[in-house]
Amino acid sequence: MVWRPPPSSLLKINFDRASFAAENKSGIEVVIKNHQGLVITSFSLSQQLSQAYLAVKVEALASTRVVEFALELSVDSVVLKGYYEFLMKALVEEGVSLLSYGLLIADVKVLSCSFFQLHYFHVKR
């Protein structure tokens with residue numbers, strides 16, 4: 001897989017989930033890069049999720065936290081890259097999601113109104 005830069009007016013936010021079954025914990029890893037590939041910031045929430053959730057639920061939670069984090073940094077033009085294709089599709093589809101993590105998707109949709117540009121992309125593993 002080759003890293004492709006975002007347009008110069010956007011930041012690229014990659015996020016992924018981590019599961020620690022032995023410790024019964026889940027985590028979120030986030031990296032924000034500019035168009036030159038320079039890391040602007042990153043964070044990890046590995047110790048803050050107190051149980052091992054299903055991977056797609058952690059990814060949905062990650063998408064919510066990533067959008068919140070970008071807004072906290074006053075970033076309003078981003079490309080959001082995630083690993084679950086149906087989650088990324090759910091984020092752009094209209095209507096209410098009946099999935100078990102549908103409220104997290106709804107949160108992202110509400111927060112996305114605060115962005116000048118917000119693009120969603122699925123990254124194949």
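Reader: How many bridges join strand E2 (residues 25-33) to E3, and how do the two strands run?

Author: Five bridges join E2 to E3, and the two run antiparallel. The model is predicted: local features need pLDDT of at least 70, side-chain atom pairs count only at pLDDT 80 or more, and totals for chains, interfaces and linings use all residues. Residues are numbered from 1 along each chain as its sequence is written, and side-chain values use heavy atoms, without hydrogens and water.

Reader: What makes E3 and E5 edge strands?

Author: The open sheet has the order E3-E2-E1-E4-E5, with mixed pairing. Strand E3 (39-44) and strand E5 (117-122) each have a single partner strand, so one side of each lacks a neighbour in the sheet.

Reader: Why are H1 and H3 called roughly parallel?

Author: Helix H1 (residues 55-72) and helix H3 (residues 102-112) pack at an angle of about 20°. Angles under 35 degrees count as roughly parallel; H1 and H3 are therefore roughly parallel.

Reader: Which residues of H3 make the contact with H1?

Author: Leu 104, Asp 107, Val 108 and Leu 111 of H3 do so, contact meaning heavy atoms within 4.5 Å. On H1, the residues include Ala 60, Leu 61 and Val 67.

Terms used:
Axes fitted to C-alpha atoms, helices over the stretch in contact; angles between N-to-C directions. Helix = DSSP H or I, 4+ residues; strand = E, 2+ residues; numbered from the N terminus. Parallel < 35°, antiparallel > 145°, perpendicular 65-115°, else oblique. Pairing = 2+ DSSP bridges.
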